[in-house]
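Visitor: I am new to this structure and would like to learn how to read some of its features. Could we take them one by one?

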Amino acid sequence: MYGILCATPEERDALRARLRTDPAPQRFGPTEVWTGDHDGQPFALALSGIGKVNAAAAATLLLAMFDADVLVFAGVAGGLNPNFKVGDVLLGERLGVHDFGLMAEGAFTSTRSGLIPIGAPALTELHPVSDAVRENLTALRDRVAPLLPARVRLGTIATADYFLNCRETRDALHSSFAADAMDMESGAVFQIAEDWRAPLYVIRTLSDLAGEDSHLTYPEMAALAARNSALCVTELLDLLAAQCVAARA
C-alpha cells in the first residue's frame, strides 16, 4: 500500500487529476483520505494540511490505519538555491527540520529533531535518505526529465513551520545546510518514516524563490508546480510497480 501525502487543496487536486480515487474521502479529524488504485496497486491519498504537526499526524494515520509501507510526499516548495528556477522539480535526497533546537544566551542552535537539544550536537547538514530510496530517485529523475520542460534534480530540502519570505534567511539556509529548497512538512514526515522504517519519497516543485516577493509569485505558480509534482508521483508508482514485478519474476 502506497501512502501519498500533500498539504494543500491545489496539490490534492493535481494528484486526484492523475490518480483514480474513490469519489469521496474518509475523514479522520482534520485529515481527508481518498483510497484508490494505480494499475492494480492500492494507495491512500491524504490531504494533511499545512505544517509539521498536520503532516506528522497524517503520515502516522496512513502507516497505522491504512498499512502503508511506502510514503510519498508531493507538492510545492520555496527555492533556496540560486541555481534553481521556479518550476524546477526537486527530489529530496537529504531532508530535515531546521527550526528545532536550543535557545540560549540570545542565540538559537539547530539540533536534530526528536532529540533532547541540551547537549546535542549542532545541526550542520540534513539527513540522507537510504541508498535504495536515492537509487529510485535517480531513476525517477531520468524517467521524468524528458516529460517536463523544467529541470529535475536530486537535492536537499529543509523544513520549518514558517513561510519563508526573506532573502537573508533564504541565503543563510542555503549556506548553512546546503539546502536547495524549503517546505513546511517533509522533515517531520521523514522523522515519522524513519521511526516506522518506511521508505519516504519527497517530490517538490519550486513555486517561488523564498525572497521578498514570494507571497506574490506563490499563488500564480502553486497550481502549475503541483501538476509537475503529481506527474512525478505517477511515474514513481510505475517505477516501484515495475520493480515489484521484476522481484517476483
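**Reading helices and loops**

Guide: We can start with a helix. In α1, which spans residues 9–18, the buried residues are Glu 11, Arg 12, Ala 14 and Leu 15. Looking down the axis of α1, these buried residues fall within an arc of 165°, so they line one face of the helix. Keep in mind that this is a predicted model.

Visitor: What is the general idea behind a helix face?

Guide: An α-helix has 3.6 residues a turn, so residues three or four places apart point the same way.

Visitor: How is the packing of two helices described?

Guide: Two packed helices are described by the angle between their axes and the distance between the axes. Here, α2 packs with helix α5 (residues 186–196) at an angle of about 30°, and their axes are 8 Å apart. Angles under 35 degrees count as roughly parallel, so α2 is roughly parallel to α5. The crossing of α2 and α5 is right-handed.

Visitor: Which residues of α2 and α5 meet?

Guide: From α2 come Lys 52, Ala 55, Ala 56, Ala 59, Thr 60, Leu 63 and Ala 64, and they meet Ala 188, Val 189, Ile 192 and Trp 196 of α5. By kind, the residues of this contact between α2 and α5 are nine nonpolar, one polar and one charged.

Visitor: Is Lys 52 buried or exposed?

Guide: Buried means under 20% relative accessible area. Lys 52, which is found in helix α2, has 15% relative accessibility and therefore counts as buried.

Visitor: With which residues is Lys 52 in contact, leaving aside its neighbours within four places in sequence?

Guide: With that exclusion, Lys 52 is in contact with Val 97, Asp 99, Thr 159, Asp 161, Met 184 and Ala 188. Of these, Ala 188 belongs to the α5 side of the helix contact described above.

Visitor: Let us turn to the loops. What is phi of Asp 39?

Guide: Phi of Asp 39 is near 55°, which is a positive value in a residue other than glycine. Asp 39 sits in the loop that runs between β3 (31–38) and β4 (41–47). With a relative accessible area of 63%, Asp 39 is exposed.

Visitor: Where is Asp 67?

Guide: Asp 67 is in the loop between α2 (52–65) and β5 (70–79). Phi of Asp 67 is near 55°, again a positive value in a residue other than glycine. Exposed means over 50% relative accessible area, and Asp 67, at 58% relative accessibility, therefore counts as exposed.

How values were computed. Residues are numbered from 1 along each chain as its sequence is written. This is a predicted model: local features need pLDDT of at least 70, side-chain atom pairs count only at pLDDT 80 or more; totals for chains, interfaces and linings use all residues. Side-chain values use heavy atoms; hydrogens and water are left out. Buried means under 20% relative accessible area, exposed over 50%, partly exposed in between (1.4 Å probe, protein chains only). Helices (H or I, at least four residues) and strands (E, at least two) are DSSP runs, numbered from the N terminus. The arc is that of the directions from the helix axis to the C-beta atoms. Axes are lines fitted to C-alpha atoms, for helices over the stretch in contact, and angles run from 0 to 180 degrees between N-to-C directions. Angles under 35 degrees count as roughly parallel, over 145 as roughly antiparallel, 65 to 115 as roughly perpendicular and the rest as oblique. A crossing is left-handed if the near helix is turned anticlockwise from the far one by less than a right angle, and right-handed if clockwise. Contact means heavy atoms within 4.5 Å. Ala, Val, Leu, Ile, Met, Phe, Trp, Tyr, Cys and Pro count as nonpolar, Asp, Glu, Lys and Arg as charged, and the others, Gly among them, as polar.
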